[in-house]
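This report sets out the geometry of one protein model for a computational reader. The structure is shown here, and the account of selected residues and of the overall form follows.

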Amino acid sequence: MEEHTCSSEFAGVNIISTSCFLIGLLVTLKHLISLSKWIFATFLRSQIDLIRTYGSWAMVTGATDGIGKAMAHRLAHRGLNIILVSRSSKRLQTVATELQARHPHILVKAIQMDFSGDIAEGLRQIAAATRELDLGILINNVGITYPGAMFFDQVEEKVWRKILKVNVEGTTRCSYVDQLSRSLHVEYKQYGIHVQCQVPLYVATKMVSKVACIEKDSLFIPTPEAYAKAAMRKIGHGPRCTPYWAHSVQWFFAGLAPDPLLDSWRFSIAMRRWKGIQ
């Protein structure tokens with residue numbers, strides 16, 4: 001009787017051990033498959049033929065600096081004609097001249113539009129300027145932020161109202177971000193319309209440098225040009241992505257941490273930046 005009991009217990013331990021091993025194996029395989037997919041999508045997958053897929057024209061908002069400017073150059077490098085949209089006519093002309101000098105085979109149009117102003121009028125100008133064009137790509141990049149790290153109650157009303165108008169109303173009129181982008185992608189991909197939200201972390205732009213006190217690029221903070229090069233590889237592949245490889249690594253490890261820990265870490269960084277400008 002005692003021998004039978006020991007055998008049963010031993011069998012039970014074997015079953016538990018085998019189950020744990022199989023579960024561990026499945027989890028490991030899952031992570032290996034995810035890693036393989038990430039390596040393929042980030043470094044090995046061929047880029048989509050943008051002109052054949054979407055047409056010969058692309059429009060970039062917020063196109064005179066940072067990521068927008070870099071994206072305009074990458075698109076021009078791929079042979080697309082470019083429509084630049086920004087609020088500064090002088091800077092628009094500068095970027096347009098740069099593009100045509102580096103890529104003499106493309107056409108460039110410039111549309112002056114202040115997303116913090118009369119958006120409806122600006123959209124009418126865009127509609128009129130693009131009506132006869134084979135426009136298939138919109139890089140909806142325009143955005144603004146605080147003049148520096150600060151608490152919300154320290155932000156002047158005219159500033160946060162401007163941020164809402166540009167970052168929410170302006171992007172909504174052209175497309176939008178994250179969840180709505182994914183919903184639109186599901187609704188319209190059957191018609192050949194692809195909506196993609198690209199989610200970067202810090203990029204070494206003038207806007208980021210003001211808020212985050214970032215003076216130069218680094219391993220995890222790419223230049224706009226490096227980010228744009230990575231972003232181009234992702235166009236047409238899914239509704240949401242983090243194009244730059246180091247950013248996606250950061251997102252992976254951030255996903256392993258509990259929200260309270262992440263919130264505390266982010267807040268401590270923000271406080272150091274806030275104290276630095278006081």
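## Asp178 and its contacts

Not counting residues up to four places away in sequence, Asp178 touches Cys197 and Arg240, where contact means heavy atoms within 4.5 Å. Asp178 and Cys197 are 19 residues apart in sequence, and their C-alpha atoms are 5.4 Å apart in space. Asp178 lies in helix α7, residues 178-188. Helices (H or I, at least four residues) and strands (E, at least two) are DSSP runs, numbered from the N terminus. At 24% relative accessibility, Asp178 counts as partly exposed; the scheme takes buried as under 20% relative accessible area, exposed as over 50%, and partly exposed as in between (1.4 Å probe, protein chains only).

## Basis of the model

This is a predicted model, in which local features need pLDDT of at least 70 and side-chain atom pairs count only at pLDDT 80 or more, while totals for chains, interfaces and linings use all residues. Residues are numbered from 1 along each chain as its sequence is written, and side-chain values use heavy atoms, with hydrogens and water left out.

## Overall form

The secondary structure of the protein comes to 11 helices and 6 strands. The radius of gyration is 24 Å, well over the 19 Å that the globule rule gives for 278 residues, so the protein is more spread out than a compact globule. The radius is taken over C-alpha atoms, and the globule rule is 2.2 Å times the number of residues to the power 0.38. Along the principal axes, the C-alpha atoms fill a box of roughly 95 × 50 × 35 Å.

Of the 278 residues, 32% count as buried. Among contacts with a separation of 6 or more, 70% are between residues 24 or more positions apart. The accessible surface comes to about 17,200 Å², of which 59% belongs to carbon and sulfur atoms; the areas come from the Shrake-Rupley method with a 1.4 Å probe, and for residues only the protein chains shown count as cover. The mean positions of the 32 positive and 22 negative charges are 8 Å apart. Lys and Arg count as positive and Asp and Glu as negative, whereas His and the chain ends are not counted. The place of a charge is taken as NZ of Lys, CZ of Arg, CG of Asp or CD of Glu.

## Aromatic pairs

A search of the whole structure finds 7 aromatic pairs. Rings of Phe, Tyr and Trp (its six-membered ring) pair if their centres lie within 6.5 Å; planes under 30 degrees apart count as stacked, over 60 as edge-to-face and the rest as tilted. One of the pairs is that of Phe151 and Phe267, which is edge-to-face, with 6.3 Å centre to centre and 65° between the planes. This pair links distant parts of the chain, 116 residues apart: Phe151 is in the loop between β4 (135-139) and α6 (157-174), and Phe267 is in helix α11, residues 259-276. Phe151 is partly exposed, with a relative accessible area of 32%, and Phe267 is also partly exposed, at 47%.

The rings of Tyr244 and Trp245 have centres 6.3 Å apart and planes at 40°, so this pair is tilted. Tyr244 is buried, at 11% relative accessible area, whereas Trp245 is partly exposed, at 30%. Phe151, Phe267 and Trp274 form one aromatic cluster.

## Buried residues in helices

His73 lies in helix α3, residues 66-77, and counts as buried at 11% relative accessibility. Leaving aside neighbours within four places in sequence, His73 is in contact with Glu98, Leu99, Arg102 and His103.

Thr130 is found in helix α5, residues 119-130, and is buried at 12% relative accessibility. Beyond its neighbours within four places in sequence, Thr130 is in contact with Ile83 and Leu135. Ile269, found in helix α11, is buried with a relative accessible area of 17%. From C-alpha to C-alpha, Ile269 and Thr64 are 29 Å apart in space, and they are 205 residues apart in sequence.

## Backbone at Cys213

Most residues other than glycine have a negative phi. Cys213 is not a glycine, yet has a positive phi of about 55°. Cys213 lies in the loop between α8 (206-212) and α9 (224-234) and counts as partly exposed, at 43% relative accessibility.
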